[in-house]
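Please read this briefing alongside the sequence and the 3D view. It takes up a helix pair, then a sheet, and ends with the confidence scores.

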Amino acid sequence: MSLFPLNQWYVAGFSSELTDKPIARTFLNQKMVLFRTGDGRVAALEDRCCHRSLPLSCGTVEAGGVRCGYHGMLYAPSGQCIEVPGQDRVPTKACVKAYHIVEKNHILWIWMPQELGVAPAREAPDYPWHDDARFKFGTGKYHYQAPWQLIHDNLLDLSHLGYVHLKTIGGNARLHMTADMKVTQDGDKVRVVRLMPGSTPPPTYKAAWPFGDTCDRWQEIEFELSHLKIWTGAVESGTDAIDDPNRGGFHMRGFHGITPETEETCHYFWSMASTRHPDMPENIDEVIRQTAFTFDEDRAVIEAQYRNMKDFGGKPEWVDIHVDVGGNRARRIVQRLVAAA
Amino acid sequence: MSLFPLNQWYVAGFSSELTDKPIARTFLNQKMVLFRTGDGRVAALEDRCCHRSLPLSCGTVEAGGVRCGYHGMLYAPSGQCIEVPGQDRVPTKACVKAYHIVEKNHILWIWMPQELGVAPAREAPDYPWHDDARFKFGTGKYHYQAPWQLIHDNLLDLSHLGYVHLKTIGGNARLHMTADMKVTQDGDKVRVVRLMPGSTPPPTYKAAWPFGDTCDRWQEIEFELSHLKIWTGAVESGTDAIDDPNRGGFHMRGFHGITPETEETCHYFWSMASTRHPDMPENIDEVIRQTAFTFDEDRAVIEAQYRNMKDFGGKPEWVDIHVDVGGNRARRIVQRLVAAA
Amino acid sequence: MSLFPLNQWYVAGFSSELTDKPIARTFLNQKMVLFRTGDGRVAALEDRCCHRSLPLSCGTVEAGGVRCGYHGMLYAPSGQCIEVPGQDRVPTKACVKAYHIVEKNHILWIWMPQELGVAPAREAPDYPWHDDARFKFGTGKYHYQAPWQLIHDNLLDLSHLGYVHLKTIGGNARLHMTADMKVTQDGDKVRVVRLMPGSTPPPTYKAAWPFGDTCDRWQEIEFELSHLKIWTGAVESGTDAIDDPNRGGFHMRGFHGITPETEETCHYFWSMASTRHPDMPENIDEVIRQTAFTFDEDRAVIEAQYRNMKDFGGKPEWVDIHVDVGGNRARRIVQRLVAAA
């Protein structure tokens, strides 16, 4: 049995990461080299030359594939070695594993199969907001010394904003903790909505939008296995209805792709897109800067949490409180999908 | 069976360390957070929030206790959670372990019990010299990558001064090695006295007291489980008797609190108090500076010793020489107290 | 059974390394201290004082031996403790293991015996070129996070020059890969000769010798257990015959002493000697600089290779190509000598 859900798409990174250098990255304990060939194909191969085990990610990208940096063997995106320099015949067994990888909405999606070589059972997820002219977006990525589900917990419970993120998006702790929260589930998706009318605009909001003294804030979080979408924002108090899908105001659309690397580590690929006020058209740089700062704070907390979990060996059992409903539902979904793998 | 003596007081640090930030520290394999509440109580709790395992030492100190830095749960010095923000009822099982800790003579003493919750069987040790107007003192601390008993060995045998501490308190090697040494034992205390009349004053002594060419030195070392007291000093040769308890001259009173962290690591909390000559009233800063330098040298030796012990797997057995009498007695005391734990 | 060939000479370093400080070095899992006594004897002892286990390499070198830096015990090159300061009698069991080490042609050779104390079965290898006036030489050393045999593979197959060493000695990749190669074996020695007439002189060659547009290059590699000799060089095309032992031109004589430290690490002691053209008499510094740069590149590749070998657990089996003949023969020789140990 796998330790992770299989036959699933996971986020492998962003399109902008694929330059003329190959990238070494491990997903679900499988070491891969990602690259875009000189003729434009995106590929993910086992990161190990079959000759003497050098990582192919130490090699170079060419039109036809990736060339090993030790003795020059050339591998096509199919994983087949197509050239052994100095030797006429390529041994038939000279090949490496190949994975399905696609590029969509500026995101790299990798299919982690139960059986290698079987085509993906469905299309990779859509994320149209990266291609939506109303938004500007920036991206970031983290390597976490913690299991992926601790990030799910963190993102599905934004009550921690009042204690962890005072300097950016936090604001008043008590308000965050007592905000009305609604958790719903639809199949393998969990949705958490929190509304906070009459909030003091936190620093990041004020840096990006000309808010007055109070605003009406919303937080809409949607979990699915490969990523979370977090729609947050606010309108000036007393203008649009906070739960109107067509409300105006300041919108931040966060994409959070979290992919296990090992049982103890994970990748976190995020993007943040925001709307712009006519008076503050260049707010995205500041939004991205403060978002990255906020996520640094989260990482410090989550990695300290995980070190401590290991030190204490998981005893005694966790005591749940009111904010854990969303995270616990996500855990049950992951557990079910692991069992199915 | 415990690996360490239990139902014992150990040194947990110095009072001056408790500021407005909590301190993370591990004693005898037990991770704790130490803090002084805003209303002045000293506390030592298990360093793990019962909700999601973040170390409480990542949190903040308030009047009533320590507040977790993730979701704001507040813990009293008793270990009981007394507030869950956003939730009316505090779950009864929301609590963490609490330890007995006291503050005495500027030292923090922690009781490491066989059974948690049982009151200490006796008072914490006295160390009145920190409150004695004739002395000024300074403190320091080390985290050692070596088991605590290697420091006992080191301190109970000051013959190493001639090889390890040439630059500060060492002086002539042969003199140290051939000094008259007397080892006595009283219950669980070991006392080593070495007298070195006609010594050349070593650099630290000359920096702190107007010695001439020769002095009469003494070293009086007293081991008990939680700490060693080392009284050293010298009189100008031919003045006071070297073994007169009321002798004058230059006195250094060293406190050496050594507390196991794990089987392989320990804490070393030290203070040094010295007398002042009317012509050199501000000698304490230089004494502390040189003492710290000396202890740095010891640490380098002891950590190298322990790495080597591990590399060689303890074979063959150690060959004892004349200087080992005191250290070996201390080892037998520790062994007996461990067996009793 | 040992994991390494025993009753063999291995390279322990270079004579120039023995100054007034002892050296800590581990060979075949045995930690040693190497030193030259004040009266000129070279010695290799177990690196652990028999008293309290401090590495003797933390001590000091004297006329009679090495003195421990903790309590001053003095050890002769024989391993016997000959002085315990402050004690009249030296305990008879106060001694450490001693190894046979000799100094020859500026190289330190250590005999790694099946049975300690038995005299070496043969003389240490000769390397007269360090004492040959026609050459100047320089030395270097590496500590490798990789097993020694990966360096044998690397040096016995110089086809990697075209991919790994483009900036120095590489030149045209295709030429290296298709060069005529002849592998022969004589007992426990393997010889690989590659001839590359009509080559473009690579950067290092041009920096050291006034080559024109093309040269005729040779590479003669000889493996034996303790070291490889690599004779490379070139003559201006159309002058001397490339396989004439008395050919002129530019000669580089590389000595490569590779000694296991542990199963996963090794030492690599190298020297490079080169001939000098009358117009470029001071070429050796540049040759050494570029050689070191080249070996840095090799190390990066080999250590990445080994990390990857461990990550993939050796599966699937390596696919061999045409260049592997020499390395595979060396592996069989090592395997046979290990079985004999």
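**Helix packing in chain B**

In this predicted model, helix α1 (residues 148–156) of chain B and helix α6 (residues 284–312) of chain B have axes that come within 10 Å of each other and cross at roughly 130 degrees.

- Because angles over 145 degrees would count as roughly antiparallel and those from 65 to 115 as roughly perpendicular, α1(B) is classed as oblique to α6(B).
- The crossing of α1(B) and α6(B) is right-handed.
- On the α1(B) side the contact is made by B:Leu150, B:Ile151 and B:Asn154, while α6(B) contributes B:Asp298, B:Ile302, B:Gln305 and B:Tyr306.
- By residue class, the contact of α1(B) with α6(B) comprises four nonpolar residues, two polar ones and one charged one.

**An open sheet in chain A**

- Three strands of chain A make up an open sheet, arranged in the order β1-β11-β10, and their pairing is antiparallel.
- β1 (8–14) and β10 (101–104) of chain A stand at the edges with a single partner strand each, so one side of each has no neighbour in the sheet.
- Direction ignored, neighbouring strands of this sheet are turned against each other by 30 degrees on average.
- β1(A) is joined by six bridges to strand β11 (residues 107–112) of chain A, and the two run antiparallel; within this pairing, A:Trp9 has A:Trp111 in β11(A) as its bridge partner.

**Confidence**

- Chain A has a mean pLDDT of 93, with 99% of its residues reaching 70 or more.
- The model scores are ipTM 0.92 and pTM 0.93.
- Where pLDDT is low, the predicted coordinates should not be read in detail.

Note on methods
Residues numbered from 1 in each chain as written. Chains lettered and ligands numbered in written order. Predicted model: local features only at pLDDT ≥ 70, side-chain atom pairs only at ≥ 80, totals over all residues. pLDDT = per-residue confidence, 0-100. Pairing = 2+ DSSP bridges. Helix = DSSP H or I, 4+ residues; strand = E, 2+ residues; numbered from the N terminus. Axes fitted to C-alpha atoms, helices over the stretch in contact; angles between N-to-C directions. Parallel < 35°, antiparallel > 145°, perpendicular 65-115°, else oblique. Left-handed = near helix turned anticlockwise from the far one by under 90°. Contact = placed C-beta atoms within 7 Å. Nonpolar A, V, L, I, M, F, W, Y, C, P; charged D, E, K, R; others polar.
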